[in-house]
Amino acid sequence: MITPAPPAPHGGSDNGDASDRNGSGGETAATVDESITAWALAARGGDPDAVERFVRALHRDVVRYVAYLSADPQAADDLAQDTFLRALGSLHRFEGRCSARTWLLAIARRAVVDSLRYAAARPRLSDVPDWRLAVERAQPRGLPGFDEGVVLLDLLAALPDERREAFVLTQMMGLPYAEAAALSDCPVGTVRSRVARARATLMDLLAETDPRTTTPAPAALAA
């Protein structure tokens, strides 16, 4: 089994946090990505410690990405497991021409697509419960940010796939626009446009919710 707990490399904070990747932590985004890529290359050479470091460093990013991309938080752990199994089986082909993070998220993207295709082709034996209810059952209540997270998951499900992916990659995971563009195989300007439109749609949807609710706008929607 893959160990999910993320490390704090080089004495910094969890590098799954977007603020660290943006340089507000002890390391810059480039330094963190260089370390992770170096671990991937060492893992390719058969270093078991490097394999563990590589997996632990990116596990949280992968879980968040597949959860939001698939709009199915309950499937996130299985999709992350599938992603790492695919990645570890393909490490011999990784040459470091892009960051290991980008390479791994591309594999995660394919895992989600394959999962959606499989689900679409599989006969439905019974009605599937609304995924929002599944989120509420799966997550502990009473924790800071719980209501905000459920609201954001709800809103993201209404976005077209391309806009949701662009928003998640850049606004929630902290990837640079250029890296998100490479991952999505589209120009940087297209990613910026998708993010802007996604944010506008999300804010409109939030404004349309029951005015009696007091749930604040999720932090990821802040300009």
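Predicted model: local features only at pLDDT ≥ 70, side-chain atom pairs only at ≥ 80, totals over all residues.
Me: What share of the residues is buried?
Reply: Of 223 residues, 41% count as buried. Buried means under 20% relative accessible area, exposed over 50%, partly exposed in between (1.4 Å probe, protein chains only).

Me: Which residues touch the most other members of the largest nonpolar core?
Reply: Phe-54 and Tyr-65, in a core of 51 residues. Such a core is a set of buried Ala, Val, Leu, Ile, Met, Phe, Trp, Tyr and Cys residues joined through side-chain atoms within 4.5 Å.

Me: Which helix gives the most to this core?
Reply: H3, with 12 residues.

Me: And what is Phe-54 in contact with, leaving aside neighbours within four places in sequence?
Reply: Ile-36, Trp-39, Ala-40, Ala-100, Trp-103 and Leu-104. Contact means heavy atoms within 4.5 Å.

Me: Switching to charges. How many salt bridges are there?
Reply: The whole structure has 9. Each is a side-chain nitrogen of Lys or Arg within 4 Å of a carboxyl oxygen of Asp or Glu.

Me: What about Asp-33 and Arg-101: buried or exposed?
Reply: Both are buried. Their side chains form a salt bridge at 2.8 Å, N to O. The pair links distant parts of the chain, with Asp-33 in helix H2 and Arg-101 in helix H5, 68 residues apart.

Me: Which residue has its closest N and O atoms 2.3 Å apart in a salt bridge with Arg-101?
Reply: Asp-61. Asp-61 lies in helix H3 and Arg-101 in helix H5, so this pair ties together parts 40 residues apart in sequence. Asp-61 is buried too.

Me: Where do Asp-82 and Arg-86 lie?
Reply: In helix H4, 4 residues apart, about one turn of the helix. Asp-82 is partly exposed at 26% relative accessible area. Arg-86 is partly exposed at 28%.

Me: Last one: where is Asp-185?
Reply: In the loop between H9 and H10. Asp-185 has a positive phi of about 60 degrees, although not a glycine. Asp-185 is exposed, with a relative accessible area of 73%.

How values were computed:
Residues numbered from 1 in each chain as written. Heavy atoms only, no water. Helix = DSSP H or I, 4+ residues; strand = E, 2+ residues; numbered from the N terminus.
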